[in-house]
Amino acid sequence: MLDSPDSAQRLLQQLRFPCGDVPAPGDIKQVARGVHWLRMPLPFQLNHINLWMIEEVDGWTIVDTGINAAATKELWEKIFADKLAGKPVTRVVATHLHPDHVGLAGWLCERWNAPLLMTLGDYMSALAIRNEISDSDEQRQTHLVRNGVPAERIALFHRHRGGYAKGVTPLPAAFQRLIHAHPITLGGHRWDVIVGRGHAPEHASLWCPELNVLIAGDQVLPKISTNVGVWPNEPFADSLTWFLDSFSRFRRLPADALVLPSHGFPFIGLHTRLDQLVAHHDDRLNDIAQAMTRAGAAGVTGWDMVPVLFPRHLDNNQIVFAFSETLAHLHCLETRARARRTIVDGVHRFVALVDPALGAGPDDAIEMMDTGTA
Ligand SMILES: [Zn+2]
């Protein structure tokens, strides 16, 4: 989600962006000792991803891979030809399971005979999704009907299926596990693994105290807010609560850490950005709570609340992510005892428990969905 242009600009001005211009396609740019930034295109509204290469004594570690597409592979080949200083790729790290991050992991690992490092949750989930055993049409149907999606819109959500395997080459049959708080060594420095939940099952960010650098992945982005959704295979997930709870793990880091996000520009202002994101979600929660209150005892369904969170036209892809994000907000309100779930004819309806008008101010922000890939 993006805030309105004015508000987004104001928030961005509270951060510092010390790394200058984006590296050209096929080029890499050093942003900290031994840590290099590169960009790959994405065929979505969110049109790019930042990847990182860390120079080792005897090779290179790649952090995130780009999506499986001919253009990405071509750019990788150009980098291999021009930028590796004669050294091989020795490891591939994927922060999480989304196609823009893990899409070419299998290809890279095979090409360089390099191991893949991921959390257990994301490696196993990626395998399950890629092999289409992570949910079923019946389960998805149940989830959608339960949350008020009208019959004529359900096909949209089924069509969404199957895209993952296109964007992700077959994963290596083995991996090395990243575990929260268990450090790894990259480029001769200690990097702590920080696991966050809510965006992906076990999203790994990497923190290097010595360099004062955080490879944030999608966990903390400078401009857009990370997609936090509830999906059919975990229909009662409290993703937004989990996502916001993860912030405590990042608040311990220094305020002047250089944050390397997967989308947008490297920035300084980690704590400020976390505060902005908390405020953003509080505003959205208040918007929904107010709409729930207006609905009275009848309550609202997840589907009813999509236009409240996203009051603009959404394309077919965006609506799938918007719906999942809306459910995450409703589940968070339930956890915060601001909503009560009732079941009427098999449909789950959320009824307001507290008058939100008491704390919420006017809000004219225009919500924008920035694809669902972040
Ligand atoms: Zn992601």
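Two strands count as paired if DSSP finds at least two bridges between them. Helices (H or I, at least four residues) and strands (E, at least two) are DSSP runs, numbered from the N terminus. Residues are numbered from 1 along each chain as its sequence is written. The model is predicted: local features need pLDDT of at least 70, side-chain atom pairs count only at pLDDT 80 or more, and totals for chains, interfaces and linings use all residues.

**Stop 1: the loop at Gly 26**

Select Gly 26. Gly 26 sits in the loop between helix H1 (5-12) and strand S1. Is it buried or exposed? Gly 26 counts as partly exposed, because 17 C-beta neighbours lie inside 10 Å. The cut-offs: 20 or more other C-beta atoms within 10 Å of a residue's own make it buried, 12 or fewer make it exposed, and anything in between is partly exposed; C-beta atoms are placed from the backbone.

Leaving aside residues up to four places away in sequence, Gly 26 touches Leu 75, Lys 78 and Ile 79. Contact here requires C-beta atoms, placed from the backbone, within 7 Å.

**Stop 2: the seven-stranded sheet**

Follow the chain into S1. An open sheet of 7 strands runs in the order S1-S2-S3-S4-S5-S6-S7, with mixed pairing. S1 (29-32) and S7 (176-178) are the edge strands; each has a single partner strand, so one side of each has no neighbour in the sheet. Neighbouring strands are turned by 30° against each other on average, direction ignored.

Zoom in on S1 and S2 (residues 35-41). They run antiparallel and are joined by 3 bridges. Pick Gln 30: its bridge partner in S2 is His 36.

Next, helix H5 (residues 120-130). H5 packs on the sheet and touches S6 (116-119) and S7; the direction of H5 makes about 100° with that of S6. Such angles run from 0 to 180 degrees between N-to-C directions, and axes are lines fitted to C-alpha atoms, for helices over the stretch in contact.

Colour H5 by burial. Asp 122, Tyr 123, Ser 125, Ala 126, Ile 129 and Arg 130 are buried. What covers them? The cover includes helix H3 (99-102), S6 and helix H8 (163-167). Past the end of H5, look at Glu 132, where phi is positive, near 55°.

**Stop 3: an exposed alanine**

Jump to Ala 155, in helix H7 (residues 154-159). Ala 155 has 10 C-beta neighbours inside 10 Å and therefore counts as exposed. Draw a distance to Gln 141: the C-alpha atoms are 9.4 Å apart, for a sequence separation of 14 residues.

**Stop 4: the six-stranded sheet**

Select S8 through S13. These 6 strands form an open sheet in the order S8-S9-S10-S11-S12-S13, and the pairing is mixed. S8 and S13 (267-268) stand at the edges with a single partner strand each, so one side of each is without a neighbour in the sheet.

Start with S8 (residues 184-186). S8 runs antiparallel to S9 (residues 189-196) over 3 bridges. Thr 185 stands opposite Arg 190 in S9. The two strands form a hairpin with 2 residues between them, and Gly 187 in the turn has a positive phi of about 55°.

Move along to S10 (residues 203-208). It pairs with S9 in the antiparallel sense over 5 bridges. Ile 194 stands opposite Ser 205 in S10. This hairpin has 6 residues between S9 and S10; its turn holds Gly 198, with a positive phi of about 110°.

At the other end, S12 (residues 258-261) and S13 run antiparallel, joined by 2 bridges. Val 259 has Phe 267 in S13 as its bridge partner.

**Stop 5**

Finish with H10 (residues 270-295). It has 26 residues and reaches 38 Å from its first C-alpha to its last, close to the 38 Å expected at 1.5 Å a residue. The expected span is 1.5 Å times one less than the number of residues. Among the buried residues of H10 are Leu 270, Arg 273, Leu 285, Ile 288 and Met 292. Just after the helix, Gly 296 takes a positive phi of about 65°.

H9 and H10 pack at an angle of about 160°, with axes 11 Å apart. The two helices are therefore roughly antiparallel (over 145 degrees; under 35 is roughly parallel, 65 to 115 roughly perpendicular, the rest oblique). For the contacts, show Leu 240, Leu 244, Phe 247, Phe 250 and Arg 251 in H9, which meet Leu 270, His 271, Leu 274, Val 278 and His 281 in H10.

Conventions
Two residues are in contact if their C-beta atoms, placed from the backbone, lie within 7 Å.
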